[in-house]
Amino acid sequence: MREIVIVGGGYAGFYTAWGLQKTLRKGEARVTVVDPRPYMTYQPFLPEVTAGSIEARHAAVSMRRHLRSTRLIAGSVTKISNADRTVTVRPASGADYDLPYDTLVVTAGAVTRTFPIPGLEQHAIGLKHVEEAVAIRDRLMTAFDQAASLPPGAERRKLLTVTFVGGGFSGVEGFGELLSLATAMLKSYPELSFDDLSFHLVEARGRILPEVGDKPGAWVVRSLERRGAHVHLNTQLVSTEDGHVVLSSGEEFDSGLIVWTAGNASNPVVHNHTDLPVDERGLLVVRADLRVGTDSEPVPEVWAAGDDAAVPDLASPIPGAHTVPNAQHAVRQGKRLAKNIAASLHGGRIRNYRHSSLGVVATLGLGRGIFQYKSIVIKGLPAWLMHRGYHVLAVPTWERKVRVLTVWLTAALYGRDLVSLASVQHPRDAFVTSGRPQGSGESRVSDHMAG
């Protein structure tokens with residue numbers, strides 16, 4: 001039986017495995033997915049998770065539930081040695097080991113790109129995983145509870161100051177959704193006012209949302225500013241030590257919540273720990289049919305897709321262009337990968353990956369959005385409805401579609417769920433605290449036993 005190993009269970013990896021289990025004959029090959037998480041994260045839903053518009057679990061698709069005939073290994077690949085036809089796996093527990101393969105699929109996914117900024121590692125949080133989105137929401141809601149019991153002043157102001165660094169899709173959508181949540185929460189906190197909120201979006205370039213045109217991008221900036229946000233363009237984060245934000249423009253302020261969304265970097269295993277060909281950006285060199293290598297020098301039985309693959313964009317009028325690293329391409333590349341791998345095993349035709357963009361759509365908060373397809377631009381509520389419609393169709397499995405729709409309909413009738421469960425991040429605190437003596441040790445224990 002052939003061994004097909006898929007490195008990474010993100011969009012491209014999940015859809016490749018899902019497609020292979022539908023097309024491969026029984027006993028023809030064993031498909032193995034190696035990923036530290038037991039689920040595929042549908043990242044376009046993360047901004048809505050931060051706002052409580054979607055339950056966290058509904059943005060995660062269980063691999064064990066849907067990849068029933070696929071072997072799943074909970075671990076990370078730390079090295080790819082194509083010369084030996086093995087990948088080195090670091091499991092969740094236990095020693096590293098080598099996993100052999102006949103066919104390799106690299107869909108490891110990108111990692112968050114960071115810089116050596118003082119205080120960043122200690123105080124910032126990313127927005128790439130479900131756990132981070134939940135933590136952002138819970139921290140904001142906990143900050144509201146704490147601020148409501150404080151008098152006006154520096155401490156209250158810091159608690160209600162939110163800073164997003166990075167003006168790409170992830171940053172702008174997360175920023176807009178969290179601003180929408182904070183504004184809505186004020187109705188439940190009569191002790192606080194809109195003037196207590198301070199939301200900052202920091203972008204190093206002169207514009208946000210590079211995937212849309214200049215005019216739509218400028219409209220988004222104006223829209224956020226009308227809602228009370230501060231958008232800092234051509235500005236870099238200099239320091240965030242002790243939660244004190246210092247910007248390259250000279251502005252300084254204290255911020256209780258700092259979210260880092262300033263781009264992605266190539267996965268270290270692809271960039272530094274493989275003998276497969278990579279380009280100057282650390283991405284795998286990939287042909288149009290998603291095989292690793294060049295047209296003249298393909299690497300046998302090695303395929304790649306997603307954020308770590310430099311896939312030629314055959315639909316682009318620009319010579320030498322590559323597909324942009326987004327969900328739209330990763331999903332479709334995964335589907336094409338499954339078909340091409342099956343075709344290579346069955347002696348069928350291997351086809352090139354070609355996909356013309358369907359346009360870009362972003363949510364900017366409840367009832368607000370923007371959509372652009374070529375010269376067509378739609379703003380406001382219609383774009384927001386298009387965003388929800390597209391993504392509920394795009395999220396894999398009918399089970400997830402129904403769950404998401406149910407939450408949206410419930411929220412439309414009863415509003416957002418404003419319960420914070422920040423304590424789940426430290427589940428033993430209550431247990432440990434309850435066991436500590438409150439007064440005299442022996443008498444306290446005796447009282448507890450008597451009760």
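V361 stands opposite F371 in strand β24, a pairing that belongs to the five bridges by which β23 is joined in antiparallel fashion to β24 (residues 368-373). The model is a predicted one, in which local features need pLDDT of at least 70, side-chain atom pairs count only at pLDDT 80 or more, and totals for chains, interfaces and linings use all residues. Residues are numbered from 1 along each chain as its sequence is written, and side-chain values use heavy atoms, with hydrogens and water left out.

**Sheets**

Helices (H or I, at least four residues) and strands (E, at least two) are DSSP runs numbered from the N terminus, and two strands are taken to pair if DSSP finds at least two bridges between them. β23 and β24 belong to an open sheet of three strands, ordered β23-β24-β25, in which the pairing is antiparallel. Because β23 (360-365) and β25 (376-379) each have a single partner strand, they stand at the edges, and one side of each is left without a neighbour in the sheet. From one strand to the next the twist averages 10°; axes here are lines fitted to C-alpha atoms, for helices over the stretch in contact, and angles run from 0 to 180 degrees between N-to-C directions. Helix α8 (residues 214-226) lies across β23, β24 and β25 and runs at about 175° to β24.

A further open sheet of three strands has the order β14-β15-β16, again with antiparallel pairing. Its edges are β14 (237-239) and β16 (252-254), each of which has a single partner strand, so that one side of each lacks a neighbour in the sheet. Neighbouring strands of this sheet are turned against each other by 35° on average, direction ignored. Two bridges pair β14 with β15 (residues 244-247) in the antiparallel sense, and the bridge partner of S239 in β15 is V246.

Strand β8 (residues 103-106) is covered on both faces, with T103 and V105 buried on one side and L104 and V106 buried on the other; buried means under 20% relative accessible area, exposed over 50%, and partly exposed in between, with a 1.4 Å probe and protein chains only. In a regular strand the side chains alternate between the two faces of the sheet. β8 runs parallel to strand β1 (residues 2-7), to which four bridges join it, and it also runs parallel to strand β21 (residues 298-304), through three bridges. Within these pairings I6 stands opposite V105, and L104 stands opposite V302.

**Helices**

Two packed helices are described by the angle between their axes and the distance between the axes. Two such pairs are set out below.

| Helix pair | Crossing angle | Axis distance |
|---|---|---|
| α5 (residues 130-148) and α7 (residues 169-185) | about 30° | 11 Å |
| α1 and α10 | roughly 35° | within 7 Å |

The angle of about 30° between α5 and α7 makes α5 roughly parallel to α7, where angles under 35 degrees count as roughly parallel, over 145 as roughly antiparallel, 65 to 115 as roughly perpendicular and the rest as oblique. Their contact (heavy atoms within 4.5 Å) is made by I136, R137, L140, M141 and F144 of α5 and by L178, L181, A182 and M185 of α7. The crossing of α5 and α7 is right-handed; a crossing counts as right-handed if the near helix is turned clockwise from the far one by less than a right angle, and as left-handed if anticlockwise. M141 of α5 is buried, with a relative accessible area of 1%.

The crossing of α1 and α10 is likewise right-handed, and the contact involves Y11, A12, Y15, T16, G19, L20 and T23 of α1, with residues of α10 that include A327, A330, V331, G334 and K335. Helix α1 (residues 11-23) is mostly covered, since 10 of its 13 residues are buried, among them Y11, F14, Y15 and W18. The end C-alpha atoms of α1 are 18 Å apart, in agreement with the 18 Å its 13 residues should span at 1.5 Å a residue, the expected span being 1.5 Å times one less than the number of residues. Helix α10 (residues 327-346), with 20 residues, reaches 29 Å from its first C-alpha to its last, close to the expected 28 Å, and is followed by G347, whose phi is positive, near 75°.

Finally, H391 lies in helix α11 (residues 381-394) and is buried, with a relative accessible area of 8%. Leaving aside neighbours within four places in sequence, H391 is in contact with Y42, P44 and F45.
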